[in-house]
Amino acid sequence: ILEDFRTEAPRARCLTEGWPEGSFQGPDLSYDGRRVLFAYCRHYAHVAGMQKVDKEALPEDAFYSLYEMDLDGANVRRLTRGRYDDFDARYLPGGPIVFLSTRKGRFLRCDAESAQATTRATLPDSYVRCGGDAVRPCAVFTLHTMELDGSDLRPISAFENFEWTPSVAGDGRVLYARWDYIDRFNGPFMSLWSTNPDGANPQLVYGNFTKAPQCVFEARSIPGSTKLVFTASAHHSITGGSLALLDRAQGTEGERPLARIS
């Protein structure tokens, strides 16, 4: 936390002092401003060269799990367990959370039972078609939800490929990016979609046929407006790039609905 950031003497305060070395990802502040959701995985130097497809040979905490804690670092609760990556969690209005997870695995039909099966066993992942290997596999992750106590774990997407950067829109929908390259070129079609928090009514928001920007990531609602802001990113790159405004009233494809900010 950066305290007194508007003064001449800002101070950084670490909330995870004493945690084992690792990675923290995707913090999200609760609506009352008192708690934070985040993902954490522990660093193990020997894991780098191991074959990751044998998940049972890997430490469980080398996978991303979801945690919640107070903003003073107290009352840490681990919300997910198992050899799956759970990350990018966002508070939904009313209490549940939405997050990305590799728990879809190889299930062709995703439902509450398939999600619960991942809490009882280490099941195999599904992988991206066009890259990765046994040492650096790219496991597919999609949208899931659960209650804040970890119960009622379920997928809310049956999509077979990657989904990214969920956020909660001003009207309560979940915004997310989706790599929709079924039966077409894989480069530019990481478009913006929305769904109801229960997974109903998934629909395109922007960019199903637009080639630039290639990726519509990190979309956020603008308070007091129907417009969105997002990061215009590149395929096989980082989630960084120009910030752009999207006015969906001007259309769902091409340059007309966009205004480049940076």
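Reply:

When the whole structure is searched for disulfides, which are pairs of cysteine sulfur atoms within 2.5 Å, zero are found. Cysteine 41 is thus listed in no disulfide, and the nearest cysteine sulfur, which belongs to cysteine 138, is 15 Å away. All of this concerns a predicted model, in which local features need pLDDT of at least 70 and side-chain atom pairs count only at pLDDT 80 or more, while totals for chains, interfaces and linings use all residues. Residues are numbered from 1 along each chain as its sequence is written, and side-chain values use heavy atoms, leaving out hydrogens and water.

Cysteine 41 counts as buried because its relative accessibility is 10%; the word buried stands for under 20% relative accessible area, exposed for over 50%, and partly exposed for what lies in between, with a 1.4 Å probe and protein chains only. Cysteine 110 is buried as well, with a relative accessible area of 17%, and because its sulfur is 19 Å from the closest cysteine sulfur, in cysteine 138, the two are too far apart for a bond.

The interior also holds nonpolar cores, a nonpolar core being a set of buried Ala, Val, Leu, Ile, Met, Phe, Trp, Tyr and Cys residues joined through side-chain atoms within 4.5 Å. In soluble globular proteins, nonpolar side chains tend to be buried together. Here the largest core has 33 residues, and Leu66, Ile97 and Trp164 are those with the most contacts inside it. Two or more of its residues come from each of strand 4, strand 7, strand 8, strand 9 (142-146), strand 12, strand 13 and strand 15 (215-221); such strands are DSSP runs of E, at least two residues long, whereas helices are runs of H or I with at least four, and both are numbered from the N terminus. Leucine 66 has contacts, meaning heavy atoms within 4.5 Å, that include Phe38, Arg77, Asp86, Ile97 and Met146, when residues up to four places away in sequence are not counted. Apart from this core lies another, of 11 residues, among them Leu175, Val205, Ala219 and Phe230.

Two strands pair if DSSP finds at least two bridges between them, and six bridges join strand 4 (residues 35-42) to the antiparallel strand 5 (residues 65-70). Tyrosine 40 stands opposite serine 65 in strand 5.

Arginine 77 and aspartate 86, both in contact with leucine 66, lead on to the salt bridges, in which a side-chain nitrogen of Lys or Arg lies within 4 Å of a carboxyl oxygen of Asp or Glu. Arginine 77 forms one with glutamate 68, where the closest N and O atoms are 2.4 Å apart. In this pair arginine 77 is partly exposed, at 35% relative accessibility, whereas glutamate 68 is buried, with a relative accessible area of 4%. Aspartate 86 is joined to arginine 103 by a salt bridge whose closest N and O atoms are 2.9 Å apart. Because arginine 103 lies in the loop between strand 8 (97-101) and helix 1 (112-117), and aspartate 86 in strand 7 (residues 86-91), the pair ties together parts that are 17 residues apart in sequence. Arginine 103 is buried, with a relative accessible area of 3%, and aspartate 86 is buried too, at 0% relative accessibility.

Two further buried residues complete the tour. Serine 233, in strand 16 (residues 228-233), is buried with a relative accessible area of 4%. Its side chain reaches the backbone oxygen of glycine 240 at 3.3 Å, and serine 233 also touches Pro213, Cys215 and Phe217, among others. Aspartate 180, in the loop between strand 12 (174-179) and strand 13 (190-195), counts as buried at 12% relative accessibility. Residues up to four places away in sequence aside, aspartate 180 touches Phe159, Phe189, Trp193 and Asn208.

Definitions and conventions
Polar contact = N/O pair within 3.5 Å; in protein donor to acceptor, adjacent residues only side chain to side chain.
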